[in-house]
Amino acid sequence: MQRASDIEAVRNLAPFCSLAPGTFEELTRASYLQRFPRHVTLLEEGQSADTLHVLVEGGVEMFASHEGRRTTIAIFRPVTAFILAAVVRAAPNLMSARTLESSRVLLIPADTIRDLIRRDSGFAVAMIDQLAMGFRTVVKSLKDQKLRSSQERVANYLLRLQVQSGGADRCELPIDKTTLAALLGMTRENLSRSLAALSTYGVEVRGRTVVFHDPAALTAYAQPDPLIDESER
């Protein structure tokens, strides 16, 4: 059953906030909300994108595999729609998705989304904006991977995490270190070495707790760049 608070959260999510009330009701009637336990695969790369997923609670890891190798592409938190491009293009998924924890996901038929794009120009414009935001996010991720050393990537990730925590002098890693290493494009061992090396700049790691003893020194080393590190949201 869909809770009113969940529907309101989706209603406020671009591009659904542009829909007329009647059109939004039509969309929600066609969709259904489902809870998934931790580490459940929601979709697999190569499969047809027949449903748009909207994460309303929990966390989702987007990942890909090739010839025995596996990497994390992105981590999504509520409220977020994902596999949007595959749905719009009626194309196969380029990534797989699994829950990181118990999660609730709103599933909307892809045919419904494509029909709304054709019928509602405001919705179509909002979808273009979402796809553009996704493109810019991917470009920033590529710049981070290609223009920085592994230690610099870790340093800037920690600075972004601190900003998200309101500038606190300590915060918790939101994902385990194995997943974090994959997200940053390195091995778990390389991540551990990078975290240890950042102690020179006042970073102390205790399990998943990160303590910032000298944020100014860390910032001076990391050289954060808004054209890489600033969120598109």
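Throughout this tour, contact means heavy atoms within 4.5 Å. The model is predicted, so local features need pLDDT of at least 70 and side-chain atom pairs count only at pLDDT 80 or more, while totals for chains, interfaces and linings use all residues. Residues are numbered from 1 along each chain as its sequence is written, and side-chain values use heavy atoms, leaving out hydrogens and water.

**Stop 1: Met133.** Select Met133, which lies in helix α5 (residues 121-147); helices here are DSSP runs of H or I with at least four residues, strands are runs of E with at least two, and both are numbered from the N terminus. Met133 has a relative accessible area of 17%, which makes it buried (under 20%; exposed is over 50%, partly exposed in between, with a 1.4 Å probe and protein chains only).

**Stop 2: two helices.** Next, select α1 (residues 4-11) and α2 (residues 21-30), whose axes come within 12 Å and cross at roughly 120 degrees. That angle makes α1 oblique to α2: under 35 degrees counts as roughly parallel, over 145 as roughly antiparallel, 65 to 115 as roughly perpendicular, and the rest as oblique. Axes are lines fitted to C-alpha atoms, for helices over the stretch in contact, and angles run from 0 to 180 degrees between N-to-C directions. Show side chains to see Ile7, Val10 and Arg11 of α1 meeting Pro21, Phe24 and Thr28 of α2.

**Stop 3: the cores.** A nonpolar core is a set of buried Ala, Val, Leu, Ile, Met, Phe, Trp, Tyr and Cys residues joined through side-chain atoms within 4.5 Å. The largest one has 35 residues, and Phe16, Val54, Met62, Phe82, Ile108 and Ile113 have the most contacts inside it. Apart from it lies another core of 24 residues, including Ala155, Ile175, Leu184 and Leu198.

Stop 4: Finally, colour the open three-stranded sheet, with order β9-β11-β10 and antiparallel pairing; strands pair if DSSP finds at least two bridges between them. At the edges are β9 (170-172) and β10 (203-206), each pairing on one side only. From one strand to the next, the twist averages 20 degrees. Which residue in β11 is the bridge partner of Glu204? Pick Val211. Then show α6 (residues 150-164), which lies across β9, β10 and β11 and runs at about 90 degrees to β11.
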